[in-house]
Amino acid sequence: MSGPSEAPGAAIRAAGHRGVVGVELRVTPAGDLVHPPVADHHVSVHVGPPVRVSCPASGAPSTRTRGEVNVFPAGVSDAWTEDDESRTVHLRLPDSLVRRVAEEMGLDPGRASIAPRYHLRDLRIEHIAWALDAERRAGFPSGLLFRESLGLALSAHLLSAHAAPAVPRSGLSKDQLRRVVDCVEAHLDADLSIARLAREAGVSAPHFKVLFRRALGVPVHAYVVQRRVERAKTLLLRGGLTSGEVALQAGFAHQSHMARCMRRVLGVTPGAIARARA
């Protein structure tokens with residue numbers, strides 16, 4: 001397996017919006033890379049020169065070439081080593097968008113899932129990635145509607161052509177999950193606790209942790225950290241606040257705490273994101 005993802009590197013001109021596919025060009029240096037388990041789905045398409053890759057899980061080295069696709073569903077983690085600098089068009093599909101598409105396709109959003117894919121050749125995914133990257137390079141002139149339509153098309157294709165076997169699970173109900181997610185979004189700058197979120201769901205704290213992970217595929221803490229990182233990225237790209245102010249508004253204890261979490265989740269520093277605004 002291989003693929004650029006949540007790894008150290010320069011994220012060049014990122015653009016994201018809640019419920020809409022995000023697109024960015026990622027440049028990652030040679031070395032050991034990690035994709036942590038996060039709450040959204042990620043798709044990367046290689047756009048640079050060939051890169052030599054090795055994965056501890058397979059033990060077999062390979063070469064990634066232009067157009068190869070890697071799919072990281074929500075909650076999936078992986079690690080690999082790249083011998084050369086890597087450049088990829090990286091797409092982030094919010095889980096809320098994929099679940100919405102699954103429901104519109106007549107699938108059970110709580111059971112429908114996407115399978116991990118590595119070294120994949122898929123012309124449809126490539127075409128969507130190239131279109132989104134062209135939009136990014138042009139400064140997003142077509143607005144959110146264009147990205148939303150391509151995100152819907154990509155989600156539908158992944159759910160139909162690259163679906164994972166459905167695994168029965170009994171997580172939080174739609175209403176419970178909505179209340180919890182709304183609470184997280186409304187209080188990202190506060191000291192959120194498992195007990196508080198469990199009360200929103202109407203279950204005990206130990207039971208809530210199990211049900212939440214079944215519902216979204218990631219632990220509660222990891223989900224909250226990711227949402228705080230996304231909030232911080234939005235504030236940094238918007239400008240007008242110092243890094244310390246952004247850290248507090250996004251719910252981090254201090255600027256260093258934000259930097260550590262942002263580097264772990266996005267693979268970049270707050271300074272790199274702020275510079276991308278220019």
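Leaving aside its neighbours within four places in sequence, Val76 is in contact, meaning heavy atoms within 4.5 Å, with His35, Pro36, Pro37, Pro116 and Tyr118. This is a predicted model, in which local features need pLDDT of at least 70 and side-chain atom pairs count only at pLDDT 80 or more, while totals for chains, interfaces and linings use all residues. Residues are numbered from 1 along each chain as its sequence is written, and side-chain values use heavy atoms, with hydrogens and water left out.

Val76 lies in the loop between strand E7 (69-72) and strand E8 (78-82), where helices (H or I, at least four residues) and strands (E, at least two) are DSSP runs numbered from the N terminus. With a relative accessible area of 19%, Val76 is buried; the term buried means under 20% relative accessible area, exposed means over 50%, and partly exposed covers what is in between, using a 1.4 Å probe and protein chains only. From C-alpha to C-alpha, Val76 and Val218 are 8.8 Å apart in space, although 142 residues apart in sequence.

For the protein chain as a whole, the secondary structure comes to 10 helices and 12 strands, and 48% of the 278 residues count as buried. Among the contacts with a separation of 6 or more, 74% are accounted for by residues 24 or more positions apart.

Two packed helices are described by the angle between their axes and the distance between the axes. Here the axes are lines fitted to C-alpha atoms, for helices over the stretch in contact, and angles run from 0 to 180 degrees between N-to-C directions. Helix H1 (residues 95-104) packs with helix H3 (residues 143-161) at an angle of about 65 degrees, their axes being 9 Å apart. That angle makes H1 roughly perpendicular to H3, on a scale where under 35 degrees counts as roughly parallel, over 145 as roughly antiparallel, 65 to 115 as roughly perpendicular and the rest as oblique. On the H1 side, Leu97, Val98, Arg100, Val101 and Ala102 meet Glu148, Gly151, Leu152, Ser155, Ala156 and Leu159 in H3. By class, this contact of H1 with H3 has seven nonpolar, two polar and two charged residues, where Ala, Val, Leu, Ile, Met, Phe, Trp, Tyr, Cys and Pro count as nonpolar, Asp, Glu, Lys and Arg as charged, and the others, Gly among them, as polar.

Helix H5 (residues 194-201) has Leu197, Ala198 and Ala201 as its buried residues. These residues lie on the same side of H5, because they cover an arc of only 105 degrees around the axis, the arc being that of the directions from the helix axis to the C-beta atoms. The buried residues of H5 pack against helix H4 (174-186), helix H6 (205-216) and helix H7 (220-238). The axes of H5 and H6 come within 9 Å and cross at roughly 75 degrees, which makes H5 roughly perpendicular to H6. In that contact, Ile194, Leu197, Ala198 and Ala201 of H5 meet Ala205, Phe208 and Lys209 of H6. H5 is followed by Gly202, whose phi is positive, near 75 degrees.

Most residues other than glycine have a negative phi. His119, found in strand E11 (residues 117-120), has a positive phi of about 55 degrees although it is not a glycine, and His119 counts as partly exposed at 25% relative accessibility. Phe140, in the loop between helix H2 (123-137) and H3, also has a positive phi, of about 60 degrees, and Phe140 is buried, with a relative accessible area of 13%.
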